[in-house]
Amino acid sequence: MGERLKPWRSLLLWLALALLLRWAVLEPRWIPSGSMLPTLQLQDRILVEKLRPKLRQALPLNSIVVFQAPPVLVEAGYDPKAALIKRVVGEPGDQVEVRDGQLWRNGMAVAEPWLSEAMDYRFGPVMVPAEHLMVLGDNRNASFDSHLWGPLPRRAVIGTAVLRYWPLNRLGPIRFSTPAGLDPAEQLG
């Protein structure tokens, strides 16, 4: 009887390992809306690294995070299981403001080469509280984000977007863009 169960044991071990990796390390997600255009296109498939938030490591400015709907959105009727995706534009202690079509952080204009148009709203200045992040979509004029519902509690972060795996013609890492400009591999058509 033990010999007949041996192949099943291996299969169950691999299945348990795959589930553990998905639960604790990497999770596939797809992009359902245009709030991150042009960086992430509708229906892109990405992998989300989940260790950084679990280990309470810093989430760098400009990183793209996936998070659970914050309490203010759940109270407004959002599905508590919904996941959203935005870019980190402010960390605890930062003063964030949008004026003259541009993001300002701690009194300095922020270069954001991934944006395709200037913002057509005014926001702040707002001081990001402890244990919170300020997050905005890259499609700023069509994104339901922190400029409308406030800072994101850090505990709501599921992980950071690290790799686009579909479509294959845009396969590659989702890097933290620098103010010097986009890496040529990151530029989308």
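Four strands make up an open sheet in the order 7-6-5-8, and their pairing is antiparallel. Its edges are strand 7 (108–109) and strand 8 (123–127), each of which pairs on one side only. The model is predicted.

Strand 6 (residues 102–105) pairs with strand 7 in the antiparallel sense, over two bridges. Trp104 has Ala109 in strand 7 as its bridge partner. Trp104 also has a charged neighbour: Arg99 lies over its face, 3.9 Å from the ring centre.

## Pairings of strand 11

Strand 11 (residues 157–166) pairs with strand 2 (residues 45–49) in the antiparallel sense over five bridges. Within this pairing, Glu49 has Thr160 of strand 11 as its bridge partner.

Strand 3 also pairs with strand 11 in the antiparallel sense, over three bridges. Here Thr160 is the bridge partner of Val65.

Strand 12 (residues 172–173) runs antiparallel to strand 11, and two bridges join them. Leu163 stands opposite Pro173 of strand 12. Strands 11 and 12 form a hairpin, with five residues between them.

## Aromatic pairs

How many aromatic pairs does the model contain? The count comes to two. In one, the ring centres of Phe67 and Trp149 are 6.0 Å apart and the planes stand at 55 degrees, so the pair is tilted. Phe67 belongs to strand 3 (residues 64–68) and Trp149 to helix 4 (residues 146–149), so the pair ties together parts 82 residues apart in sequence. Phe67 and Trp149 are both buried.

In the other, the rings of Tyr78 and Phe144 have centres 6.0 Å apart and planes at 20 degrees, so this pair is stacked. Tyr78 sits in the loop between helix 3 (71–75) and strand 4 (83–90), and Phe144 in the loop between strand 9 (132–136) and helix 4, so the pair ties together parts 66 residues apart in sequence. Are these residues buried or partly exposed? Tyr78 is partly exposed, at 32% relative accessibility. Phe144 is partly exposed too, with a relative accessible area of 36%.

## Charges over rings

Which ring lies under the charged end of Arg87? That of Trp114: the charged end sits over the ring, 4.0 Å from its centre. Arg99 takes up such a position over Trp104, at 3.9 Å from the ring centre. Trp104 is the residue bridged to Ala109 in strand 7.

Conventions. Residues numbered from 1 in each chain as written. Predicted model: local features only at pLDDT ≥ 70, side-chain atom pairs only at ≥ 80, totals over all residues. Heavy atoms only, no water. Pairing = 2+ DSSP bridges. Phe/Tyr/Trp six-rings, centres within 6.5 Å; stacked < 30°, edge-to-face > 60°. Buried < 20%, exposed > 50% of the residue type's maximum accessible area, 1.4 Å probe, protein only. Lys NZ or Arg CZ within 6 Å of the ring centre and 35° of its normal.
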